[in-house]
Amino acid sequence: MTETKQLAHPEFTHIRNHAIPSLNIEVQEFEHIGTGARHIHMATDDDQNTFLVGFKTVPQDSTGVAHILEHTSLCGSKKFPVRDPFFMMTRRSLNTFMNAFTSSDWTAYPFASRNRKDYDNLLQVYLDAVFFPSLNELDFAQEGHRVEFKETENSDSDLVFKGVVFNEMKGAMSSPVSTLWQELTTELFPTVTYHFNSGGEPANIPDLSYEELKAFHADHYHPSNALFMTYGDIPARELQAEFHEQALSQFEKRDLNINVPDEQRFSAPKEVVEHYALDGEESLEHKTHIVLGWLLGRCTDAEEVMTAHLLSGILMESSASPLRHVLETTDLGQAPSPLCGVSDSSREMIFACGLEGSDPDKSKAVEKLILDTLERIATDGVPQEMVEAVLHQLELSQREVSGDGFPYGLQLIVHTLGGNLHGADPVALLDLDPILEKLRQQIADPEFVKGLVRDLLNNRHRVLLTMSPDRELSAKRDEAESKRLAEMKAKLSEAEKKAIIEKSLKLAERQEQADDPELLPKVGLEDIPAELTLPIGEESKIANQPATWFSRGTNGLVYQQLVIDLPDFTPEQRQLLPMFSDVITEVGYGNRDYLETQELITATTGGIGASVSVRGSIDDLNSYKGTFAFSGKALTRNSAALTELLEESFSAARFDELERIRELISQERMGQEQRVTGSGHSLAMAAAASNITAVNQLNHQWGGLEGIQFIKGLDDGLNEQSRLEALSEQFAEMRDKIVKAPRQFLTIGEAELKDSIMGSIDKRWAGSVAATELSPIVLPQPEGMINQGWATSTQVNFCARAYPTIPSTHADTPALMVLAGFLRNNFLHRAIREQGGAYGGGASFDNDSGSFRFFSYRDPRLAETLQDFDNSIEWLLGKSHPWREVEEAILGVIGSIDKPGSPAGEAKSTFHASRHGRTPEFRNRFRQKILKVTEADLKRVAETYLKPERAHTAVISDPATLEKSDLGLEIINL
């Protein structure tokens, strides 16, 4: 590391630095002299440099001011006076992550990049965006809320609310779980900022004024309220020079009082009854959420945080944990609540537990069940090995180098951001080894855990929340919104009506304006690395079966997979495969029941799971290969135990614990039903593409809307004992077939441990059942066109359209990949998000299944969005386009291809890609073809493949909207 005296820029004071070997970082802490802005740098040799600037943002209402400000700040700034610099930079960058977040009490602007030029470019744009935003009133109208006439220039037509955040939050609050969490925090925090919905309640968002938005920025986005957090190999001193010169030098220190006080503690527990909207004709029975929530201590005390997580783990870690066990096995509900566990995202933490799939009249019984269970634990304690197993899980999570989909450095930053903003010791939040050691000593006393549970029981700041469905709530909300708009319109003068029309036209004009992109910095094709660097595996044999080892810097963890060629099954068994993969690692093994097995898994591993997948061939869309995989991870010292458990899950899973199977399927149903509001665009795309190939159809049946329908029917049918017994027999037959199928081994760990780990695996598997050649999975070919409307309870829509194309090796595939980004960047983003008001929209090309898809996310429109999909193709073909736009789309594809993962994640993805023909050599050749795509290629593939008569369509909406549409959809009730 650099000498201490050289760490800080002259305008910063160096406070301290502290090495954390378990994370391979050195924490360096600084403060800007002129403003008091803090800088925490995590110095490491990782070249994926990460930046975040965060602010405490503490709204005092539910207008969504912090959330709307986050959006509007990214709509142009002093140095970069373009309308949409954030999304423009996503196209001019090789970033590995770019986003902005609004939490309950902070707002943050993070990015990551491996390219230093790109990092410096993004840093300029981010600093200017947060400290010197334009905050144009028309951007506030676009991103936040506005009223327009339904027919823009017809003042006799009805008024409507529009706005990106307005529609985003309509979608978010369509989720019962999001509503449940918001209601719980509202009740637990009656007097502080968490009482309010920081994202914004749709009914309250229109109350926010433009003046209030600007005032919130002036108060909250000052450097004296700012925290800079960085990670990587760029020296802190160099970063601080940019912070100071580009932003901080233009401010003086302010004495800001932006703090969250402690909540006033209850003298007695509370009981609250609330409702959520449920549309459609389905029964209201077993649709109620019942949750018990406690307010705990502060997130700024690292020891208190870890102790809370220890207690939560003891109570809820696995099915063998005492509180989770009673919640899974009671007949008072169908599954433990998704809120179960500790949340440390607010200044004072929350512990919650409860049930979903219950009924309103069972709330007191659920409360009694939970409190009686806690009383029993406080009196009798829990087995010492269970406590040690949870501490083992905390140690493993501290050591694991993650980073698949979310950069590792950013995970460390975001994990500690809330505590740091509220004044915690940043080193204590990261260097958890001393706390883990202290806990290890404390748990040696059996009274320690009893005392933690007794403290929870004695905590009077508790809420019993019962949230049940209401079929009329959506209609009531719509009626209230319509009434509000009608009253607004009735009070409008002719001048005010004219002003609304003029503002709408000005916004439309602004949305159409062509900004000069050269005002923004960029990287070009010349900045792209020559080739994609992928890890290389070493091939050998284990128990006479193929084996691959990857030497990776896993920080003391080992990862093992048993990879099996998926054999053919009966149609009924094929549909059950995803459920089978969920169940097989959650039941008992051999002579152990599922509780004993879960205890052993928690004590010795970081978890064991199974998965099933089918991927198309690189050269034939009608050819495919299926994989069934058992996966696990452990600290290296537990490698042999992991091997043993993986082998037992493969060969000795037992399906005679019928009630356990019943519980698991009920829990899976609950989880699947909640996916629609968060992943509706993916589900709609899967539905639209489902008849294009056999693999697409299978994915729709397994993980799509058909899959959700299937598990609901399966769960309902298991009330009959005979069906449950038949399902158990099916699972046993499926296991017996899996055991005989050809298999191979994948292992990832530290290089110096290869021989001992591989030797141990070989020894364990030496006497295993010999693999035999079985017929591979065979799928039926789909027929017909898709034109579907899926009806569910939602305030917003999800639209998708899909076209059949070609496999990966075809010469047109690179152009189709670039075309998706080109249409999204230059047409769909503006038409669907900015003008249409959806939270998101775009296009994608899936070369696994040979389908080109359009989509929208949390969208107020249906037919108009589908028309915009078609219009994007006409726009492409109807004019010439500058090379810059093609280059930006190419950069986006290369960025996604080159995006790094965790050490283990990169090895796994390389192995499985190669298994399906996508070897490192193939991927690098494909990458080179991407770089050669031209505008002419884009037009040619659009004309060839995106023909109207080839389009498959699927949308998700509420029943009333689908009934009113004139799209000729086949309406299917989800």
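Analyst: **From the surface to the rings**

The chain exposes about 36800 Å², and carbon and sulfur atoms supply 47% of that; accessible areas come from the Shrake-Rupley method with a 1.4 Å probe, and for residues only the protein chains shown count as cover. Keep in mind that this is a predicted model: local features need pLDDT of at least 70 and side-chain atom pairs count only at pLDDT 80 or more, while totals for chains, interfaces and linings use all residues. Residues are numbered from 1 along each chain as its sequence is written, and side-chain values use heavy atoms, with hydrogens and water left out.

Of the 974 residues, 61% count as buried (under 20% relative accessible area; exposed is over 50%, partly exposed in between, with a 1.4 Å probe and protein chains only). The chain has 34 helices and 28 strands (DSSP runs numbered from the N terminus: helices are H or I with at least four residues, strands are E with at least two). Its radius of gyration is 28 Å, close to the 30 Å that the globule rule gives for 974 residues, so the chain is as compact as a globular protein of that length. That radius is taken over C-alpha atoms, and the rule is 2.2 Å times the number of residues to the power 0.38. Along its principal axes, the C-alpha trace spans about 80 × 65 × 65 Å. Among contacts between residues at least 6 apart in sequence, 82% join residues at least 24 apart, where contact means heavy atoms within 4.5 Å.

Now the rings. A pair of aromatic rings is described by the distance of the centres and the angle of the planes. The structure holds 39 aromatic pairs (rings of Phe, Tyr and Trp, the last by its six-membered ring, with centres within 6.5 Å; planes under 30 degrees apart are stacked, over 60 edge-to-face, the rest tilted). Take phenylalanine 101 and phenylalanine 406: their ring centres are 6.4 Å apart and their planes sit at 35°, so this pair is tilted. Phenylalanine 101 is in strand β6 (residues 101-102) and phenylalanine 406 in the loop between α12 (384-399) and α13 (408-421), so the pair ties together parts 305 residues apart in sequence. Phenylalanine 406 is partly exposed, at 25% relative accessible area.

Another pair, phenylalanine 630 with phenylalanine 650, is edge-to-face, with 6.1 Å centre to centre and 90° between the planes.

Some rings have a charge over the face (NZ of Lys or CZ of Arg within 6 Å of the ring centre and within 35 degrees of the ring normal). Lysine 78 lies over phenylalanine 132, 5.6 Å from the ring centre, and lysine 737 does this with phenylalanine 569 at 5.4 Å.

Back to α13, the helix on one side of phenylalanine 406's loop. Leucine 417 is in α13 and is buried, with a relative accessible area of 0%. Setting aside neighbours within four places in sequence, leucine 417 contacts Leu52, Trp106, Ala108, Leu227 and Met229. Its C-alpha is 9.8 Å from that of phenylalanine 228, 189 residues away along the chain.

Helix α22 (residues 658-673) has 16 residues and reaches 23 Å from first C-alpha to last, close to the expected 22 Å; the expected span is 1.5 Å times one less than the number of residues. In α22, 12 of the 16 residues are buried, so the rest of the structure largely encloses it. Helix α18 (residues 494-512, 19 residues) should span 27 Å, and its end C-alpha atoms are 27 Å apart, which agrees. Its buried residues, including Ile500, Ile501 and Leu507, pack against α4 (137-143), β8 (146-149), β9 (159-162), α17 (473-491) and α28 (813-835). In helix α33 (residues 935-945), the buried set includes Tyr945, and the buried residues of α33 also pack against α28, among other elements.

Asparagine 555 has a positive phi near 60°, sits in the loop between β18 (545-551) and β19 (557-565), and counts as buried at 10%.
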